[in-house]
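The following report covers salt bridges, nonpolar cores, sheets and a surface patch in one protein model.

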Amino acid sequence: MTPDAIAGAGASAASTSAERAPDTIAVQGPAEPAEDQQRTAPASQNRLVEEVVVTSQKREENLQDVPISISAFSAAALDAKGIDDPKALAQSTPGVYYGQTVNFAIIYIRGVGSDAFLPDSDPSVASYIDGIYFPFANGLSQSFGAVERVEVLKGPQGTLFGRNSTGGAFNTITKTPGTEPEVSVMASYADYNEIRRRVYVSLPFGDSFAASVSATYNTSDNYYTGTRGSGVDASSVELPEEVSKGVRIKTRWNMTDNMDLNLAAFRYRQDGLSSTAIPNTNPSLATTLISDATTGGQATRPLGTYEVHVDVPSYFSVDNKVYYGQLNYHPEWFDVKLLGSKQKIASDNVYDFDGTTAPFITFDAKGQFADVKTAEMQFLSNKDWGPEWWTWIFGGFYLDQESGFPLNRLSVGSLDLSDGNIAGIIPVPPALLDLLSQIPGVPDGVSVGLVSELSTKSTAFFTQHTFDLQKWLHLTVGGRYQRENRGVVESSASLVNLDGSTTPLHTVPAAPPPSKTTNFSPKFTIGVNPMDDLMVYTSYTKGYKSGTFNTVNVYNAPEYVKPETVTSIELGFKSELFDKLLRFNAAVFQNKIDDLQVQFISLLSGGAVSLENAGGAKINGAEFDFQLTPFPEWDPGLVIGGGYTYLDSKYTSYENGSGYTVNANGDYAGAGLYNFKSGDYTGNKVTRTPKLSGTFNINQIVDVPGGDLEMGASLYNNSGFFYLADNAPVSRQKSYYVIDAQISYLYKPANTRVTLFGKNLGDEVYSYSQFHTDAGRQTYLAPPRTFGIRLNWDL
């Protein structure tokens, strides 16, 4: 998700708008009930039973008519399932992993994703808000706000969603101001003093203009306890409060009968700790030696405890400003859409690289920025002109982006390099040793300033055509041609002096020439309708992820990281059976990844964080999802759903891979040394890719005096996965289950809903992320069991 999908739980069914999003084209079908009819629907009408409309092909279509694997959630469905942030959404979408590292979203779909979290790298799952591409994962792990729906598109989406969608795409449509006044208020309170507030107001001004304002303000204590700042000194301070606030203004102007202009401005601010203080749960040899010498061996915390103590004043802040708009023009022959955005992302974060009270490694990443401009034009067929059997889209896309760090500070202390090793044991690369030997006082610590900035300009042209060859036979062909220039603006290292000034450490290596790449990503799909309410499809698609440069370098010149490509073959079907009481969809697929981009973190690898290319990977999989209304006559309010995904993943070629040494037990005790790219991980499982993941949910609505009572529960299972390509036991997340439940009462006369909810009721201990460095393994756990209450009121 992006920062534009901010804060608060999904709106209740009572707040579901009948307005369509401005970036869609209406689909033929039964008329929707009026808004007040929806709000007074009988209690037996379950909020999960609804026609699901998606825009995965840039026009409104019924979910079951689109030959793509999609999980789609309306605002009402999000609320009914208790989904209030993207991480919870992932647990309702088998095959999707959604983690968080230093508040960067880490997303994988069907085993294709990226664990990278710096501006010189790109996610593999594209994020779109209201048709606008958001290229960065910074601050994307926030909760949902006033949305129309959220769509998760699985598999490469290179034709219509473009660059860096090799794993798929998250497509979010926010609420659009409509022709009728609308007011929605949400407030909730949960454990750890978590308070969420959201107000949404939409007003028409005359017959042709409407505007809406959505404001959020959320606060909470950290579910971790501990201190940060000065290690074991009395001046250490407790973990700070988490605060986020945002406002989004949207306007819609119907300029003429066939033209409308939609503009939006968004501002989001977050301050707190996030995951910048993560406890070291398996220290390396280096950390153990330094810890024993400085803190008496009390630096780390055992896995499974929600406690962290670090010697760095860790914090995180992000300030996002986004302006975007869309012009829709509907002449007689076709439809035209013009989209544009200006995005400015600024963030500061300071985190303890080693996760202990030992004065070892600190990373100060202040001033991280991204300035992004996007523009897109689309020409789409309509039903007013041209043959009915041909549906088409032509378009062009442009991106201009500057991103990076104006000055990182990497501080390393308590070193003893007298014999060319750290503490006489851990080898240091000669280039780094030569560099550090020129700096006075290195054994007592050194602070290195790192500058890393990239420039990207990308242009693409795309088209897709669907031919209805017969009433029961459909062919879709498409492709996207992309041309991209990406270059290093600056990549340098310097000594940060006590007065804040900098002194170059060495001659700055000449920046490599910009990479100029071109790519064509095709798509072919055949869909067959052998009977009503059944579609069988097969598809061949390719996705492309841009190449980049390793710019966070201590002593190496920037290195080029080759583009990543994914080729996917899929066979699936979509069905609605028993008079539409059962929706059952399934697919089998294979993803082949070439030049897979893998992130690795080590001070001895040339930079604090770097990317490298694995030769290739292959993922074979199968999945299904269903939704059933089992007793439509005597219990129409009961809905049962779920799904499961099976993934068989492996690196088909990964030689000279970076990793850390482990002992006989597979952990870092007495080990944890960088292997200097000597690993061969061919045949290992792909990171963050569980073999099995699935969900089961049940939702019941019953009539009670004054309104209805809704009860829901869900069970999510993940069979476990590895965080590192070496598949060492120390990087494994074991199998886990998550149980959530909620019960709500809707008082119809006041259109007010009160919800009691519980999350992780089994108090399962599992991780959102792991952070492996020269210091060992740091583990950021998901929240423990929590309870809360939520109030929704809609006018």
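E623 and K154 are both buried (under 20% relative accessible area with a 1.4 Å probe and protein chains only; exposed is over 50%, partly exposed in between). The two residues form a salt bridge whose closest N and O atoms are 3.5 Å apart; the term requires a side-chain nitrogen of Lys or Arg within 4 Å of a carboxyl oxygen of Asp or Glu. E623 belongs to strand β35 (residues 607–628) and K154 to strand β9 (residues 147–154), so the pair ties together parts that are 469 residues apart in sequence. Strands are DSSP runs of E with at least two residues, numbered from the N terminus.

This is a predicted model, in which local features need pLDDT of at least 70 and side-chain atom pairs count only at pLDDT 80 or more, while totals for chains, interfaces and linings use all residues. Residues are numbered from 1 along each chain as its sequence is written, and side-chain values use heavy atoms, with hydrogens and water left out.

The whole structure contains 22 salt bridges. Three of them are listed here.

| Salt bridge | N to O distance |
|---|---|
| E623 and K154 | 3.5 Å |
| R163 and E484 | 3.2 Å |
| R267 and D319 | 2.7 Å |

R163 and E484 meet through their side chains. R163 sits in the loop between β9 and β10 (168–174) and E484 in strand β27 (residues 473–496), so this pair ties together parts 321 residues apart in sequence. R163 counts as buried at 3% relative accessibility, and E484 is buried with a relative accessible area of 3%.

R267 forms its salt bridge with D319. R267 lies in strand β17 (residues 259–272) and D319 in strand β20, so the pair ties together parts that are 52 residues apart in sequence. R267 is partly exposed at 40% relative accessibility, whereas D319 is buried at 14%. Elsewhere, salt bridges that share partners join R47, D79, E710, R753 and R790 into one network.

The largest nonpolar core has 35 residues, and V54, I70, Y133, F161 and Y324 have the most contacts inside it. Such a core is a set of buried Ala, Val, Leu, Ile, Met, Phe, Trp, Tyr and Cys residues joined through side-chain atoms within 4.5 Å. Strand β20 (residues 315–329) gives the most to this core, with four residues. A second, separate core of 33 residues includes I106, A358, V412 and V609.

Strand β7 (residues 125–129) is antiparallel to β8 over three bridges, and Y128 has Y133 in β8 as its bridge partner.

β11 pairs in the antiparallel sense with strand β12 (residues 194–205) over nine bridges and with β45 over seven bridges. Three residues separate β11 and β12 in a hairpin, where Y192 in the turn has a positive phi of about 65 degrees.

Y189 lies in strand β11 (residues 182–190) and counts as partly exposed at 40% relative accessibility. With M711, I743, V754, L756, I789 and L791, Y189 forms a nonpolar surface patch of about 550 Å² accessible area together. Patches are made of residues with over 30% relative accessible area and no salt bridge, nonpolar side chains (Val, Leu, Ile, Met, Phe, Trp, Tyr) being joined within 5 Å and like charges within 9 Å. β42 (752–759) and β45 (786–794) each supply at least two residues of the patch.

Definitions and conventions. Areas by Shrake-Rupley, 256 points an atom, 1.4 Å probe, with all protein chains shown as cover. Pairing = 2+ DSSP bridges.
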